[in-house]
Amino acid sequence: MLRIAVPNKGALSEPAAELLQEAGYRRRGMAKELVVVDHENDVELFHLRPRDIAVYVGSGTVDVGITGQDMLLDSRTPATEILPLGFARSTFRFAAPVGEHSDVTSLEGSRIATSYENLVGDHLAGHGINAEVVHLDGAVESSIRLGVADVIADVVETGTTLRQAGLEPFGEPIMTSQAVLFSRPGMELDETTAHTLEVLERRIRGVLVAREYVLLDYDIPTAQLERAVTITPGFQSPTVSPLHGGEWSAVRSMVERAHAHRMMDELYEVGARAILVTAIQACRI
């Protein structure tokens with residue numbers, strides 16, 4: 001069986017569970033269920049702490065895992081990223097009291113509080129900065145007021161929490177992160193398990209495409225067909241079928257969900273009719 005490590009809590013847990021469920025895998029029935037055996041799909045799902053997943057995959061205890069890129073880098077575990085998953089997006093940055101710092105070069109000799117000490121330490125070393133990294137498990141925003149640190153390094157989303165603490169982000173982001181499906185380098189699987197991994201990757205890709213795209217069906221005067229196809233070029237290319245009489249054509253195109261309404265407006269302007277938008281089921285690509 002293919003062994004898959006899945007986040008058991010936090011911001012990664014629910015999106016990962018939904019993704020795998022949409023891809024056709026069993027979902028655990030309760031939060032205390034740590035192992036789910038899915039005989040139909042020949043996989044075992046191990047629900048683990050997000051920060052520990054890289055360690056388990058790196059040691060070979062499990063074959064593949066889902067976790068954040070930031071946690072993966074912080075673990076310093078060699079890894080092969082198979083697929084970015086598009087959720088749990090975040091930006092990791094330095095922050096300090098307003099006006100005190102401008103970029104990473106001003107951090108020489110500073111005390112920097114963070115929950116990601118390896119990630120921050122490697123970033124500082126890459127810039128030739130000698131600073132003290134203070135490891136905290138959480139609530140790093142309070143560390144400056146409490147005198148533990150001069151600067152913090154943390155995930156920044158809206159910046160509201162930083163402003164409430166009298167802090168501002170500065171300099172270029174340390175990194176941007178999202179959830180990824182990953183394995184260890186040089187992993188060797190038997191033929192059956194390797195096929196199961198191939199199926200997992202293909203299914204997840206299908207779910208991600210289905211989330212991003214919709215099918216757009218419309219009828220267009222044949223004289224305007226080329227203009228219409230320019231508006232809806234599709235994932236690869238649209239399907240065009242001539243309608244009886246030859247004056248009209250039917251077009252089906254897979255388009256980005258975010259742009260579907262704008263495309264419909266443009267199609268109406270060139271004479272399209274009977275426009276229909278249909279959600280795409282998880283597909284195989």
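Select Ala274, which sits in strand 15 (residues 273-279). Ala274 has a positive phi of about 55 degrees, although it is not a glycine. At 59% relative accessibility, Ala274 counts as exposed, because exposed means over 50%. Keep in mind throughout the tour that this is a predicted model.

**The whole chain**

Zoom out until the whole protein is in view. The protein has eight helices and 15 strands. Along its principal axes, the C-alpha trace spans about 80 × 50 × 35 Å. The radius of gyration of the protein is 24 Å, while a compact globule of 285 residues would have one near 19 Å. Of these 285 residues, 46% count as buried. Now show the surface: the protein exposes about 14,800 Å², and carbon and sulfur atoms supply 49% of that area. How many of the contacts between residues at least 6 apart in sequence join residues at least 24 apart? The share is 70%.

**Helix 1**

Next, select Ser13, Ala16, Ala17, Leu19 and Leu20, the buried residues of helix 1. Seen down the axis of helix 1, these buried residues fall within an arc of 160 degrees, so they line one face of the helix. The general rule behind such a pattern is that an α-helix has 3.6 residues a turn, so residues three or four places apart point the same way.

What do the buried residues of helix 1 pack against? Their partners are strand 1 (2-7), strand 3 (43-48), strand 4 (64-68) and helix 6. Show these elements together with helix 1 to see the packing.

The structure holds eleven salt bridges. Three of them are visited here.

Start with Glu22 and Arg211, which form a salt bridge with their closest N and O atoms 2.8 Å apart. This pair links distant parts of the chain: Glu22 is in helix 1 (residues 13-22) and Arg211 is in helix 6 (residues 191-212), 189 residues apart. Glu22 is partly exposed at 43% relative accessibility, and Arg211 is partly exposed with a relative accessible area of 34%.

Now select Arg51 and Asp74, whose salt bridge has its closest N and O atoms 3.3 Å apart. Arg51 lies in helix 2 (residues 50-59) and Asp74 in helix 3 (residues 69-75), so the pair ties together parts that are 23 residues apart in sequence. Is Asp74 buried or exposed? Asp74 has a relative accessible area of 8% and is buried, because buried means under 20%.

The last pair to select is Asp150 and Arg111, a salt bridge with the closest N and O atoms 3.0 Å apart. Asp150 is in the loop between strand 8 (132-135) and strand 9 (151-156), whereas Arg111 is in strand 7 (residues 111-114); the two are 39 residues apart. Asp150 counts as partly exposed at 28% relative accessibility, and Arg111 counts as partly exposed at 27%.

**A final stop**

Finish at Ala88, in the loop between strand 5 (80-84) and strand 6 (90-97). What is the phi of Ala88 near? The angle is near 55 degrees, a positive value in a residue other than glycine. At 31% relative accessibility, Ala88 counts as partly exposed.

Key: Residues numbered from 1 in each chain as written. Predicted model: local features only at pLDDT ≥ 70, side-chain atom pairs only at ≥ 80, totals over all residues. Heavy atoms only, no water. Salt bridge = Lys/Arg side-chain N within 4 Å of Asp/Glu carboxyl O. Helix = DSSP H or I, 4+ residues; strand = E, 2+ residues; numbered from the N terminus. Buried < 20%, exposed > 50% of the residue type's maximum accessible area, 1.4 Å probe, protein only. Arc of directions from axis to C-beta. Contact = heavy atoms within 4.5 Å. Rg over C-alpha atoms; globule rule 2.2 N^0.38 Å. Areas by Shrake-Rupley, 256 points an atom, 1.4 Å probe, with all protein chains shown as cover.
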